[in-house]
Amino acid sequence: MSDPYASRPCVHEEVTGGFGTVRVLPLDPGADAAVIHRWAGEERAVFWGMTDLTERQIADVYAHMATLDTHHAHLVVRDGEPVALLQTYEPEADRVSECYEVRPGDIGVHLLLAPAGPGGGQRGWTARLVTAIAGYVLPGLGRRRIVVDPDVRNGKAIARFLKLGFTPGPVVVLPEVDLPDVYLPEKKAQLAFLDREIMFPA
């Protein structure tokens, strides 16, 4: 079976024995909107905040993000199958900076995993995928620490991050953002942090 993403440029590629090849591609708002719409429309993705958006609205969101220097979206592909939406951002340019002291080398991450497919239910599958993604975000981008801010009600995501080695931070209230191009409601979030040395010990 041919890889429909093979011709797309990638910013990171990692070949892992027994797991396959993970590639991180810059998100194409038009080409990738359909798959993101499918994932984000599921009940399990309610905390992503896009459940009610149309495919066109999702394309518009990411077309706007593509104009920013501080926020970036990527499609993560494993052996030609899309498996995650990865968003990275500069914490000092985000509302999260109002809720904790940003350190040099910090990078913010939002991660939406695809619904479980072939192999998706295997033990350790998520950990291996996240390790490959962290290889891009931390050493690949020269960063020292990841910060995540899942909704405090999203116990499954919080538990997953802690199991992967994240250290819990404070519970905070991310302020509402109401701009012409972006609206984000207030969110009560559990901050968590992952130091590069934890994932990639020297």
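Biologist: Which residue in β5 is the bridge partner of Y89?

Modeller: G108 is the partner of Y89. Keep in mind that this is a predicted model. Strands β4 and β5 run antiparallel, and six bridges join them.

Biologist: Which way do β3 and β4 run, and how many bridges join them?

Modeller: They run antiparallel, with eight bridges between them. One place to look is H72, which stands opposite T88 in β4. Next, find the turn. β3 and β4 make a hairpin with two residues between them. In that turn, D79 has a positive phi of about 50°.

Biologist: Is β4 mostly covered or mostly open?

Modeller: Mostly covered. Eight of the nine residues of β4 are buried.

Biologist: How should I read a nonpolar core?

Modeller: Start with the general idea. Nonpolar side chains in soluble globular proteins tend to be buried together. Now this structure. Its largest nonpolar core has 28 residues. Among those with the most contacts inside it are V76, L86, L129 and F166.

Biologist: Which helices and strands each supply at least two residues of this core?

Modeller: The strands are β2 (20–26), β4 (81–89), β5 (106–113), β6 (145–148) and β10 (187–195). The helices are α3 (125–140) and α4 (155–163). Helix α3 gives the most to this core, with nine residues.

Biologist: What does L86 touch?

Modeller: Leave out residues up to four places away in sequence. L86 then touches V24, H72, A73, H74, V76, V109, H110, L111, I133, Y136 and V137. Another core lies apart from the largest one. That other core has 18 residues, including Y5, L27, I36 and M50.

Biologist: Now helix α1. How far apart are its end C-alpha atoms?

Modeller: Only 14 Å. Helix α1 covers residues 29–40, so a straight helix of its 12 residues, at 1.5 Å a residue, would reach 16 Å. The span of α1 falls short of that.

Biologist: Which residues of α1 are buried?

Modeller: P29, D32, A33, V35, I36, W39 and A40 are buried. The buried residues of α1 pack against β2, α2 (55–65), β3 (71–78), β4 and β5.

Biologist: Which residue caps the N-terminal end of α1?

Modeller: D28 does. One of its side-chain oxygens lies 3.1 Å from the backbone nitrogen of G30.

Biologist: How do I read a salt bridge?

Modeller: The idea is simple. Side chains of opposite charge can pair when their charged atoms come close. In this structure there are nine salt bridges. Take R56 and D60: their closest N and O atoms are 3.2 Å apart.

Biologist: Where do D60 and R56 sit in helix α2?

Modeller: They are four residues apart in α2, so about one helical turn separates them. R56 is exposed, with a relative accessible area of 62%. D60 is partly exposed, at 41% relative accessibility.

Biologist: Which residue does E90 meet in a salt bridge?

Modeller: R143, with an N to O distance of 2.6 Å. E90 is in the loop between β4 and β5, while R143 is in the loop between α3 and β6. The pair therefore ties together parts that are 53 residues apart in sequence.

Biologist: Are E90 and R143 buried or exposed?

Modeller: E90 counts as buried, at 18% relative accessibility. R143 is buried too, with a relative accessible area of 17%.

Biologist: What does R44 pair with?

Modeller: The side chain of R44 meets that of E42 in a salt bridge, 2.6 Å from N to O. R44 is partly exposed, at 41% relative accessibility. E42 is also partly exposed, with a relative accessible area of 28%.

Technical notes. Residues are numbered from 1 along each chain as its sequence is written. This is a predicted model: local features need pLDDT of at least 70, side-chain atom pairs count only at pLDDT 80 or more; totals for chains, interfaces and linings use all residues. Side-chain values use heavy atoms; hydrogens and water are left out. A nonpolar core is a set of buried Ala, Val, Leu, Ile, Met, Phe, Trp, Tyr and Cys residues joined through side-chain atoms within 4.5 Å. Buried means under 20% relative accessible area, exposed over 50%, partly exposed in between (1.4 Å probe, protein chains only). Contact means heavy atoms within 4.5 Å. A polar contact is a pair of N or O atoms within 3.5 Å; within protein, one must be able to donate a hydrogen and the other to accept it, and residues adjacent in sequence count only if both atoms are side-chain atoms. A salt bridge is a side-chain nitrogen of Lys or Arg within 4 Å of a carboxyl oxygen of Asp or Glu. Two strands pair if DSSP finds at least two bridges between them.
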